[in-house]
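Here is a short note to read with the model open beside you. Take the points in order and find each residue as it comes up.

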Amino acid sequence: MEKSAASPIASSIAPDDWVARSLRAVWHPCTQMKHHERLPLVPIARGQGAWLYDRTNHRYLDAISSWWVNLFGHANPRINAALKDQLDTLEHAMLAGCTHEPAVELAERLGALTGNTLGHAFFASDGASAVEIALKMSFHTWRNQGFADKQEFVCIANSYHGETIGALGVTDVALFKDAYDPLIRHAHVVASPDARLAQAGETAADVARRALDHVRSLFEARAAKIAALIVEPLVQCAAGMAMHDASYLAGLRALCDQYGVHLIADEIAVGCGRTGTFFACEQAGIWPDFLCLSKGISGGYLPLSIVLSRDEIFAAFYHDDTARGFLHSHSYTGNPLACRAALATLDLFASDDVLASNARKSAKLRTALAPLAAHPQVRNLRQCGTIFAFDAVIDDPQHAKTFSRRFFANALQRELLLRPISTTVYLMPPYILDDEELALLASRAHESFEATLAEAR
Ligand SMILES: *Cc1c(COP(=O)(O)O)cnc(C)c1O
């Protein structure tokens, strides 16, 4: 190995220039760092409501909820107050051998939201860990029940479940997966129920039915080896906001029951009201065997994830023998501050009739987006709850390749924080936009789109 290759980043950086220092010292996530030679980082100094402010006090509407986590705005007074109170009471204590009220109350309240079907909460700190926990728990449940051969998993085409090595095994997005392929234990991949796959005369429910046929054939051939199927209910977000009919989930539940396969619902992105109900699964009238939550559950304040599971799962581990227990832990399991932020978030849902208010706001946004929907270079303008997306029609492959970064820059100039996924533009705003902000979001998104197209002319 070379002894000391010089850093490609200039070392003469003014001490007060923390943006330039960031490029040298902070390795940013999901980023080709070299792109930042031309694309400046946005130096966020503070947040208030739906807005982020940079160090020169320019404002940006956080129209993607800071990677889908923020529900009730930045510096929300009620979440802040809860956290300040918790900070003066207990910042953290380990959750092995000890317990604390915020974890107990959060587990109970989430269980109650599932009608106590999923009454056992296992805590972790991020979404990928929750997915790993659900996979391990499923496999270990079967083994404890005498079905040690059930070791395989099934995921849906274009699924995204996180980027740790285990989670990548059930992720089907080439960009995140290809480089690490040799490290990965691959899952079976079944057809996507993406409603955009409808052929002439087909409905979204027809696409779902076809996709379910694929699951059925796989289960018929291999169910004895399969532990679980994992799905992102209603919207495959990272795939580019691919939406499907709720009947797909009901069909999966029936097939999993028939063939003895666990159903894992990854509601990390779609939970907490995003799709119009608190849990996306409610729209299909089903409950999974494992439900993963993260992102919005702490209001976008602190890393927290939770895997909820059924009595039968919990019972499969309950035994005198230590080795039959679920042997998994993270240092910050059940962090009280994060749990308290989550409780404050649930309080907001309980007191403010959030789901009804979201439905009204989304209807307004939908109307405001009508001119974009009619644009000749816009396809598939779609909506699920508070998630909106459309596909840009860009013929030149070179322009398509740079579309996302160029759109991001154009949106920033118009006070919007938006990061398209490839050529899919999506809006996933926090739940607190007022009428003026909703109108601004729609019109500035349209302007940003026009500006990005104009660069290609
Ligand atoms: C974001 C996300 C994850 C991973 O969560 P991290 O906290 O980023 O590890 C997993 N599944 C889905 C559906 C997600 O959107």
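**Notes on a predicted model**

1. **A serine and a proline.** The side chain of Ser65 comes to 3.5 Å from the backbone oxygen of Pro429. Keep in mind that the model is predicted. Ser65 sits in helix 2, which covers residues 65-68. Is Ser65 buried or exposed? Its relative accessibility is 0%, so Ser65 counts as buried.

2. **Who else touches Ser65.** Set aside the neighbours within four places in sequence. Ser65 is then in contact with Asn70, Arg274, Met428, Pro429 and Pro430. Pro429 and Pro430 will come back in the point on the largest cavity, as both belong to its lining.

3. **Another residue of helix 2.** Trp68 is also found in helix 2. Its phi is near 75°, which is a positive value in a residue other than glycine. Trp68 is buried because its relative accessibility is 9%, and the cut-off for buried is under 20%.

4. **Cavities.** How many cavities of 30 Å³ or more are there? The count comes to three. The largest cavity has a volume of about 70 Å³. Its lining is made by Asn358, Lys361, Ser362, Leu365, Thr386, Phe388, Pro429, Pro430, Tyr431, Leu433 and Leu438.

5. **What the largest cavity's lining is made of.** Which helix gives the most to the lining of the largest cavity? Helix 12, residues 354-368, does, with four residues. Sorted by class, the lining of the largest cavity has seven nonpolar residues, three polar and one charged.

6. **The second largest pocket.** This pocket holds about 790 Å³ of space. Its lining counts 29 residues. Nearest the centre of the second largest pocket lie Leu95, Ala121, Phe122, Phe314 and Phe326. Helix 4, strand 4 (120-124), strand 12 and helix 10 are the elements that give two or more residues to the lining of this pocket. By class, the lining of the second largest pocket divides into 17 nonpolar, eleven polar and one charged.

7. **Ala107 in helix 4.** Helix 4 runs over residues 101-113, and Ala107 is in it. Which residues does Ala107 contact, leaving aside those within four places in sequence? They are Ala121 and Phe123. Ala121 was named above, among the residues nearest the centre of the second largest pocket. Ala107 has 17% relative accessibility, so it counts as buried. For a sense of distance, compare Ala107 with His188. They are 81 residues apart along the chain, and their C-alpha atoms are separated by 32 Å.

8. **An annotation from UniProt.** The unreviewed UniProt entry carries the annotation "binding site" for Trp67, Tyr160, Lys295, Ser329 and Arg419. These residues are spread over 353 residues of sequence, and also in space, up to 33.7 Å between C-alpha atoms. From this set, Ser329 is taken into the lining of the second largest pocket.

9. **Tyr160.** Where is Tyr160 found? Tyr160 is in the loop between strand 5 (152-156) and helix 6 (165-168). Its side chain makes a polar contact with the side chain of Glu163, at 2.3 Å. Not counting residues up to four places away in sequence, Tyr160 touches Thr171, Val173, Phe176, Glu232, Ala238 and Asp266. Tyr160 is buried, because its relative accessibility is 18%.

10. **Lys295.** The loop between strand 11 (290-293) and strand 12 (305-309) holds Lys295. Lys295 is not a glycine, yet its phi is positive, about 40°. Its relative accessibility is 22%, so Lys295 counts as partly exposed.

11. **Ser329.** Ser329 lies in a loop too, the one between helix 10 (311-317) and helix 11 (336-352). Is Ser329 buried or exposed? At 60% relative accessibility, Ser329 counts as exposed, because the cut-off for exposed is over 50%.

Note on methods:
Residues numbered from 1 in each chain as written. Predicted model: local features only at pLDDT ≥ 70, side-chain atom pairs only at ≥ 80, totals over all residues. Heavy atoms only, no water. Buried < 20%, exposed > 50% of the residue type's maximum accessible area, 1.4 Å probe, protein only. Polar contact = N/O pair within 3.5 Å; in protein donor to acceptor, adjacent residues only side chain to side chain. Contact = heavy atoms within 4.5 Å. 1 Å grid on protein atoms, 1.4 Å probe; cavity = no way out; pocket = protein on both sides within 12 Å on 5 of 7 lines; lining within 4 Å. Points joined across faces, edges and corners; volume = space filled by probe spheres on them. Nonpolar A, V, L, I, M, F, W, Y, C, P; charged D, E, K, R; others polar. UniProt positions renumbered as here; feature names shortened; annotations may be inferred.
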